[in-house]
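Good morning, and thank you for coming.

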Amino acid sequence: MNKIPQALLNSLNNLPGFDKEAFEKVHQSGEQITSIRLNPAKIFNVQYSMFNAQLGAVAWSVHGHYLSTRPSFTLDPVFHAGAYYVQEASSMFLEEALKQSVDLSASLKVLDLCAAPGGKSTLLQSIISADSLLVSNEVIKTRVNILSENITKWGASNVIVTNNDPKDFQRLENYFDVIVVDAPCSGSGLFRKDNEAIEEWSEQNVQLCSQRQQRILADILPSLKEGGTLIYSTCSYSKEEDEAIADWLMLNDQFSTIHFQLNKDWGIVETQSPQTNAYGYRFYPDKVKGEGFFIAAFKKEGTSNNAQGTRLKTQGSRSKGEKVTAKEIEIISPYLKNAASFSFIKLNEEIIALPSFIENDLSLLQSALYIKKAGIKMGTVIREELIPDHELAVSSFISDNVTRIEVDKETALQYLRRAEMKLDATGKGWALITYQQIPLGWIKILPGRINNYYPKDWRILNK
Ligand code: SAM
């Protein structure tokens, strides 16, 4: 383990809760903490052979668990099926932060602005109501694919993935009820997990990050409704990126600070920013069972709490796409649970199922943002047959009536490698391969052979 930069240690010296000796010791100890968060939409009666007797609860996340050892996730088919997400435990506190600041039973429009690879987004999706919309955005193009992949595997229908710069959201004034900014930062909170982050750390980078964090927030704030909630987090210990940003927010806009009730046993340190007394919450690895993290929540003052006030500052209009015919709807509907609750649109011949309540939002968002993915891609209808898409296979809304073939672990891994599989499959046509009852993807049964349709780009390369 590289040594923690002296300049960082010096800068933390007088911060609340900072204990230099314990902090250095926990970094030198080599201890690694592994935690996962289960997907409540996919895990109901799965026998967790892999994790049995290992699971310990993360105090602030209902579906968060610590594992006593780090298994090879690549070799767990259920991981590829989106049944859980490997997520650092401190950052799961977002769940508690939202429970204490937002009415999660309401129908909300939620933005996760800095979303890749998707840890906070998958958590948000699990805790918002079924009639809420999550917009999961990532500005960096090369990182949007992994975000889309993780959102697809999570299987939800109420998520729209976008690829936009924060300033693009200014076209959506007064739109979101909740905005989460998990900001790009100098990364000191991850030193224990990621030795290279130590090499990359510098005081100058802390300053640059702090300026960028202010720019991101300034760009995004107009799209938060009055009365809406802003959650700001970093994995940095530096006050320039944490309490100073909280002060900047409170001084620059109409925000009030949100105070959380903490259980003392959690080891989380409450702080107040020097100028405006905004509350913030610090996670030190010598005090909590997790990595370094900072989180703070703010309420935007004012009372408008519906979307009527949304003004779209754009001239563009939605590309309409082609119409989905009644015949096509008849062909695809049997593939979905509760098909009547979905609307269907067609883009480039591909049919997309959207929860009906999202349709208007999608039109609005399409005229302001670049949409990478929305709802569930069903596939294409050719000669009165659906050629189903992988998104449908791993969606939580696929009908129980679709043919399923349950396989053992070795066969599941062969499937995920996109290799040939030995299967005694009878019948013909499209079928789902499942492992522990959770769908992994499509095969097509043909006379004398089986075609493996696992997406090429996602196949596992590990032998
Ligand atoms: N929320 C993610 C999760 O839980 O999986 C992690 C987000 S990471 C801390 C910060 C993200 O911000 C990165 O994906 C990064 O690409 C993105 N980012 C970098 N520069 C940005 C900018 N100027 N504006 C918005 N996002 C930016």
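Let me begin with a term: a polar contact here is a pair of N or O atoms within 3.5 Å. Please also keep in mind that this is a predicted model.

With that cut-off, let us turn to the ligand. An oxygen atom of the ligand lies 2.8 Å from an N or O atom in the side chain of Arg143. Because the cut-off for a polar contact is 3.5 Å, this pair falls within it. The backbone takes part as well: a polar backbone atom of Gly119 is 2.8 Å from a ligand oxygen, and for Gly118 the corresponding distance to a ligand oxygen is 3.2 Å.

How much of the ligand's accessible area does the protein cover? On its own the ligand has 600 Å² of accessible area, and the protein covers 83% of that. Two elements, α5 (119-127) and α8 (203-220), each give two or more residues to the shell around the ligand.

The shell holds 17 residues, and those that come nearest are Cys114, Gly119, Glu138, Arg143 and Asp182. Sorted by class, the residues around the ligand are 10 nonpolar, two polar and five charged.

I now move to a backbone feature. Ala116 and Pro117 are joined by a cis peptide bond, with omega at about 5°. Pro117 sits in the loop between β5 (109-112) and α5, and α5 is one of the elements that I named for the ligand shell.

Asn338 is in the loop between α10 (326-332) and β16.

Strand β16 brings us to the sheet. Which strands form the sheet, and in what order? Four strands make an open sheet in the order β16-β17-β19-β20, with antiparallel pairing. At the edges are β16 (342-347) and β20 (385-388), each of which pairs on one side only. From one strand to the next, the twist averages 35°.

Strand β19, residues 376-382, pairs with β20 in the antiparallel sense over four bridges. Within this part of the sheet, Gly379 stands opposite Pro388 in β20.

Finally, helix α11, residues 359-366, lies across β16 and β17 (350-355). The helix runs at about 30° to β16.

Thank you for your attention.

Definitions and conventions:
Residues numbered from 1 in each chain as written. Predicted model: local features only at pLDDT ≥ 70, side-chain atom pairs only at ≥ 80, totals over all residues. Heavy atoms only, no water. Near = heavy atom within 4 Å. Polar contact = N/O pair within 3.5 Å; in protein donor to acceptor, adjacent residues only side chain to side chain. Areas by Shrake-Rupley, 256 points an atom, 1.4 Å probe, with all protein chains shown as cover. Nonpolar A, V, L, I, M, F, W, Y, C, P; charged D, E, K, R; others polar. Pairing = 2+ DSSP bridges. Axes fitted to C-alpha atoms, helices over the stretch in contact; angles between N-to-C directions. Contact = heavy atoms within 4.5 Å.
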